[in-house]
Amino acid sequence: MAVTDKDDLISILEENGIDQIPDILPLMPVRDVVIFSDTLFPLFVGREKSVNAVEEAVAKDGYLFLVTQKDPREEDPDADQLFRVGTIGRVLRMIKLPDGRVKTLVQGVVKGRIVRYTRKRTSFRVKVDVIEEHTVSAVSTEVEALMRNVCELSEKILSFRGEFTNEVGVILESIKDPGKLADLVASNLRLKIEESQELLEIIDPLERLLKVNELISHEFDLTSMQAKIQSNVKFEISKHQRDYFLREQKRAISKELGEDQDKTREVDKYRKKIKKAKMPKKAKKEALKQLHRMDQMHSDSGEMTIVRTYLDWLVEMPWSKSSPDRINIKKAQTVLDRDHYGLKKVKDRVLEYLSVRKLNPEIKGQILCFVGPPGVGKTSLGQAIARAMRRKFVRISLGGIRDEAEIRGHRRTYIGALPGRILQGLKQCGTNNPVFMMDEIDKIGSDFRGDPSSALLEALDPEQNFAFSDHYLNLPFDLSKVMFILTANMTDTIPSALLDRMELLSLSGYTEEEKRIIAEKHLLPRQIKANGLKPKIIKVKSGAISKIITEYTNEAGLRNLERELATLCRKNARKLAEGEKGPFTITNKNMTEYLGLPKYYPELDQEESQVGLVTGLACTQAGGEVLYVEVTLINGKGELILTGQIGDVMQESARAAMSYAKANLKILGIKENMFERRDIHIHVPAGAIPKDGPSAGIAMATALVSALTETPVNKDVAMTGEISLRGRVLPIGGLKEKAMGALRGGIKTIIIPEKNKRDLSEIPAKIKRKLKFVSVQNMDVVLQTAMIKSPKNEYK
């Protein structure tokens with residue numbers, strides 16, 4: 001509130017013991033500070049306009065108007081950059097310094113507001129109205145409590161800063177006016193310019209005191225937290241200093257006792273190991289660097305353990321240790337034939353590799369991938385290859401791996417970091433040219449931790465793996481001498497980039513005769529020994545083994561067969577333990593005493609040829625299997641119903657078969673209104689197993705035509721092939737596996753696409769002698785071969 005009455009102004013000045021203040025005053029802008037009334041403030045004045053304003057005030061009555069500028073960075077502010085409300089001050093002392101600046105001591109007298117500027121060039125001069133503050137006639141209990149709280153918080157803040165003295169406490173307690181207490185505390189708080197200016201412009205003393213209480217409470221919280229942080233830092237520093245002092249004492253004591261020599265001996269031991277390891281130059285340089293770090297560290301340092309572990313890995317890696325290749329092709333063939341029956345193509349490929357290796361020892365390591373159903377001997381074949389080459393054998397399983405660090409290792413910054421599983425395997429075997437088998441490459445995964453299959457690209461690429469980089473060692477390691485062998489049940493889930501780096505060798509499975517020979521030569525003797533029996537005690541007839549194969553197992557591999565043989569041995573081992581005497585002979589007649597009733601009757605799956613029932617063939621992870629397709633007609637409106645958990649591709653095959661039948665009604669002998677009056681239901685058992693693929697197309701078409709013409713389909717005929725809308729039979733894959741599955745299912749004739757005739761060369765002659773293969777180009781031949789003709793319904 002501006003004072004307009006001259007008598008009121010005189011009374012205010014008399015109350016403050018101040019001479020009459022002129023209306024026109026020189027103005028001095030101040031930076032980074034707001035000056036309150038009743039405060040003393042030293043100022044260093046250096047700007048020319050400000051110096052002129054101070055000299056003008058001193059030359060007259062000492063009064064000048066102090067106003068804070070809005071932007072403290074502005075060197076020459078104009079009138080718009082200054083606040084309108086400021087403090088009328090009086091210069092009590094002025095000293096001119098040699099550098100031209102002026103040092104002054106100013107006392108805040110009373111608040112004022114700029115009315116107008118009378119001069120702006122050499123220095124500012126303004127007309128000022130004095131602001132009258134509201135007076136508090138009586139201090140209430142609430143106001144007294146507020147003043148006491150402000151005083152206590154001020155004392156605590158000053159105590160935290162180390163600035164509190166008894167004199168300061170006396171001054172705070174002596175102030176009885178709320179407005180003066182607010183100004184005094186505000187001038188000593190570390191407030192922003194905007195906050196201080198806001199306080200200055202509050203005329204009501206109680207309102208100003210409330211605002212100060214709010215600000216000082218916030219400042220108290222900040223100061224308390226700052227003091228706590230400083231206390232914690234000091235405690236940590238003192239703890240480190242204490243630990244350092246104790247370590248130095250311990251070192252001195254250890255030196256006196258001669259214990260310091262242990263570390264010297266350890267460093268010398270590592271230096272000898274580094275020399276013995278015959279590392280590449282880059283690896284040796286890094287090892288010596290880490291050894292020097294270790295020598296400079298204290299024995300109890302946490303980093304010491306990390307460096308020691310890293311050095312252990314460096315000196316124990318087989319940088320230059322190799323198994324000498326003593327390759328004898330005839331002996332290698334003997335080893336392979338002794339351990340595995342059949343698998344001629346795979347054995348030939350291994351012998352070819354060994355032959356090339358013998359002629360050119362510098363050839364890079366090959367990457368082979370054995371693909372086949374479980375139990376066909378993929379892993380054991382890798383072990384046999386290692387024995388044939390007289391190399392160490394390493395095996396890791398990649399099934400379920402999702403972390404890239406399993407392949408490349410963890411970086412040493414992590415606690416418990418280790419190299420990847422490839423380098424771990426090389427360290428365990430102790431050579432840099434083992435036969436390294438990676439099982440279940442098709443079951444590798446990926447997530448937010450990385451893609452392990454991408455990390456394998458470098459390891460399995462002969463053009464890159466001579467400098468494989470592991471995150472833990474962070475040094476190139478030569479993997480080009482390693483012979484990598486991978487295994488998979490199927491190639492569909494292997495990334496294409498990884499598949500491109502491998503040579504695929506298919507292990508489709510074994511025929512019944514091959515299984516019998518393997519059981520007699522390998523599986524049965526192994527189980528007899530494993531169960532504590534002797535060969536003379538138990539005898540299993542060849543016919544009994546054949547019965548186990550056909551009626552108790554249904555697989556491409558040998559695992560379930562070995563389990564059944566193990567059951568036979570356990571039963572007889574119990575008889576011996578109970579006191580019975582052998583020998584025990586197992587034949588077809590007493591088989592049920594040991595293994596119970598047969599589990600499979602493949603020849604009885606279709607006891608007779610039926611209408612709308614066709615035997616198809618499928619290729620699964622477990623090998624080839626027979627797949628039945630059923631079609632039935634029900635009254636309806638021509639809708640197509642598909643069941644049996646068949647996938648999108650099989651559903652498309654069903655629709656293609658439907659369109660083929662509709663387009664060839666007369667040729668196939670189907671009544672014209674048949675599709676309008678009947679719904680067609682196609683079902684593929686078993687309903688709980690998901691199924692998909694294009695090779696069931698001709699089976700669905702044959703079953704559909706059979707149901708529509710009421711012509712039965714020969715139960716001894718199976719078929720595989722994709723169908724087109726014009727009835728052409730398109731080629732499929734996995735013919736060898738499907739043929740073996742058909743043989744296990746009691747099938748005698750297989751209908752295959754014409755373009756798959758070339759695949760018959762890969763099927764063993766023993767299988768081809770037991771099966772009749774009919775190659776077809778279109779559905780006409782399929783229907784003529786599969787359907788049983790009769791005078792009543794003859795296919796035309």
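**Exercise 1.** How many positive and negative side chains does the chain have, and how far apart do the centres of the two sets lie?

*Solution.* The model examined here is a predicted one. Counting the charged groups first, the chain carries 127 positive side chains and 111 negative ones.

**Exercise 2.** Work out how the chain's radius of gyration stands beside that of a compact globule of 796 residues.

*Solution.* Begin with the reference value, which for a compact globule of 796 residues would be near 28 Å. The chain itself has a radius of gyration of 49 Å. As a further step, consider the extent of the C-alpha trace, which spans about 140 × 95 × 60 Å along the principal axes of the chain.

**Exercise 3.** Decide whether Cys151 and Cys569 are buried or exposed.

*Solution.* The cut-off needed here is that a residue is buried when its relative accessible area is under 20%. Cys151 has 12% relative accessibility, and therefore counts as buried. Cys569, at 0% relative accessibility, counts as buried too. As for disulfides, the structure holds zero of them. For the chain as a whole, buried residues make up 46% of the 796 residues.

**Exercise 4.** Describe the secondary structure of the chain and the sequence separation of its contacts.

*Solution.* The secondary structure comes to 28 helices and 26 strands. Turning to contacts, consider those between residues at least 6 apart in sequence; of these, 73% join residues that are at least 24 apart.

Key: Residues numbered from 1 in each chain as written. Predicted model: local features only at pLDDT ≥ 70, side-chain atom pairs only at ≥ 80, totals over all residues. Heavy atoms only, no water. Disulfide = S-S within 2.5 Å. Buried < 20%, exposed > 50% of the residue type's maximum accessible area, 1.4 Å probe, protein only. Helix = DSSP H or I, 4+ residues; strand = E, 2+ residues; numbered from the N terminus. Rg over C-alpha atoms; globule rule 2.2 N^0.38 Å. Contact = heavy atoms within 4.5 Å. Lys, Arg positive; Asp, Glu negative; His and termini not counted. Charge placed at Lys NZ, Arg CZ, Asp CG, Glu CD.
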